Amino acid sequence: MNALQSLEELVLTEGGARRKVRIGGVINEVTPSYYRVAGLSQFVKLGDRVGFSAHGKTETGEVVRIDSGGVTVKPFNGRIEAGLGMPAFLAGDVGLSPDQSWRGRVINALGEPLDGLGPLIPGATTVRNDAEPPSAMLRSRVKEPLRTGVKAIDLFTPICKGQRIGIFAGSGVGKSTLLTMLAKCDGFDTIVVALVGERGREVREFLEGPIQANLHKSIMVVSTGDESPMMRRQAPRTAVALAEYFRDCGESVLLIVDSVTRYAHAARDVALAAGEPAVARGYTPSVFSELPRLLERAGPGEEGKGAITGIFSVLIDGDDHNDPVADNIRGTLDGHIVLDRAIADQGRYPAINVLGSISRLADHVWSSDQKELVRRLRSLIARFEDTRDLRLMGGYHAGNDQELDQAVVLVPKIYEALRQDPSMPASRDAFMDLAQILRQ
């Protein structure tokens, strides 16, 4: 008997006889984004599932508010089939039961297969979508360097296994393309990818793109932009729960979420339906507490277990990097990679702004000589960009400033060395590749 069936029915004793009844209520309000059920307030808690039968199938939703007059239910189906007076019943909270055989599969936010390859084999362990992060004092240290194969990242914002880093970009600047390049990373036992609120056509493009070589060890959780806010809110939670399962098996896991901003938008829709007030650009207070809770679940596990290396894309609304969601995420992660539209307009991809990007664990990767070299390269790039207008107006004359002369000669070569697209092979030694370009 599954969790749904076991909570649909309750055994009662009346006059020595035992009969089964279902915990239920009646739908008394329907709106375009939620419905209300009377009679369940005494039996549910936030996060429980409530369902009703329509057209021969069961439609479920999640309890997002409880008051004395009833409960507010946000459905997983984008189209609400509920009607006034219809009976609704408590459906419980159905968890996930991951298994090693789930690698290579594509599932939705509820853990149901989307790839037509048959049902998923349930594992022996049930995991929760809202699990607590590991205790801060029990987590292992992050020290092991990771080679991504993307030269701009390995040079200027190197990553360690177990690190959490964000890719911040406006729309159309190349964040999804960069994520497909990072998905080719070697050294991971399992890769979990969550596509949240993205275009439907991108699913097959991602599957059949550069990640195809690692598809046998990848699990994709998909919730496209046309799905309900509940599904888009659930998808990254499901992905993190899967990553936690493989981490606790002692594996090194790569978690890619594209994008966390769409998760925040979905969480905002759910919170507004629950009656929360908007406090910052339409976002509710709970959004800013849910984001760190989700992101903190990635990272190193407890000593003796594996680690989750988290790469989260952040869509910058209106190219405003001080957007409240972007600012909240940036303060939570262990580094950020900024994609610049001006760099993309110049045709330089990946359009990484090396001056605006930082990895807080870079010192675990760089040697002392490499650290000094990167510092020097950043200085040259900053000088080159600061004097761009001056040089365009003809105000630059060679020989007057030795550092600027060096920047004018070397920075274009550095930019050329950083060019890379998904069809190119991954870099095995970014510093060596750069040295070869600078010698030319």
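Student: Which strand does β3 pair with, and in what sense?

Tutor: Strand β3 (residues 24-30) pairs with strand β4 (residues 35-38) in the antiparallel sense, over 4 bridges. Two strands count as paired if DSSP finds at least two bridges between them. Strands here are DSSP runs (E, at least two residues), numbered from the N terminus.

Student: Before we go on, what kind of model is this?

Tutor: This is a predicted model: local features need pLDDT of at least 70, side-chain atom pairs count only at pLDDT 80 or more, and totals for chains, interfaces and linings use all residues. Residues are numbered from 1 along each chain as its sequence is written, and side-chain values use heavy atoms, with hydrogens and water left out.

Student: Back to β3 and β4. How many residues sit between them?

Tutor: The two strands form a hairpin with 4 residues between them. Ile27 stands opposite Val37 in β4.

Student: Which other strand does β4 pair with?

Tutor: Strand β7 (residues 70-75), again antiparallel, over 3 bridges. Arg36 has Thr72 in β7 as its bridge partner.

Student: Which residues are on each face of β17?

Tutor: One side has Ala307, Thr309, Ile311, Ser313 and Leu315. The other has Ile308, Gly310, Phe312 and Val314.

Student: Which strands run parallel to β17?

Tutor: Strand β12 (residues 164-169) is one of them, joined to β17 by 6 bridges. Gly166 stands opposite Phe312 there. Strand β15 (residues 252-258) also pairs with β17 in the parallel sense, over 6 bridges. Val253 has Ile308 as its bridge partner.

Student: And what about β16?

Tutor: Strand β16 (residues 299-300) pairs with β17 in the antiparallel sense over 2 bridges. Gly299 stands opposite Ile308. β16 and β17 form a hairpin with 6 residues between them. In the turn, Gly304 has a positive phi of about 90 degrees.

Student: Cysteines next. How many disulfides are there?

Tutor: A search of the whole structure finds 0. A disulfide here is a pair of cysteine sulfur atoms within 2.5 Å.

Notes. Buried < 20%, exposed > 50% of the residue type's maximum accessible area, 1.4 Å probe, protein only.
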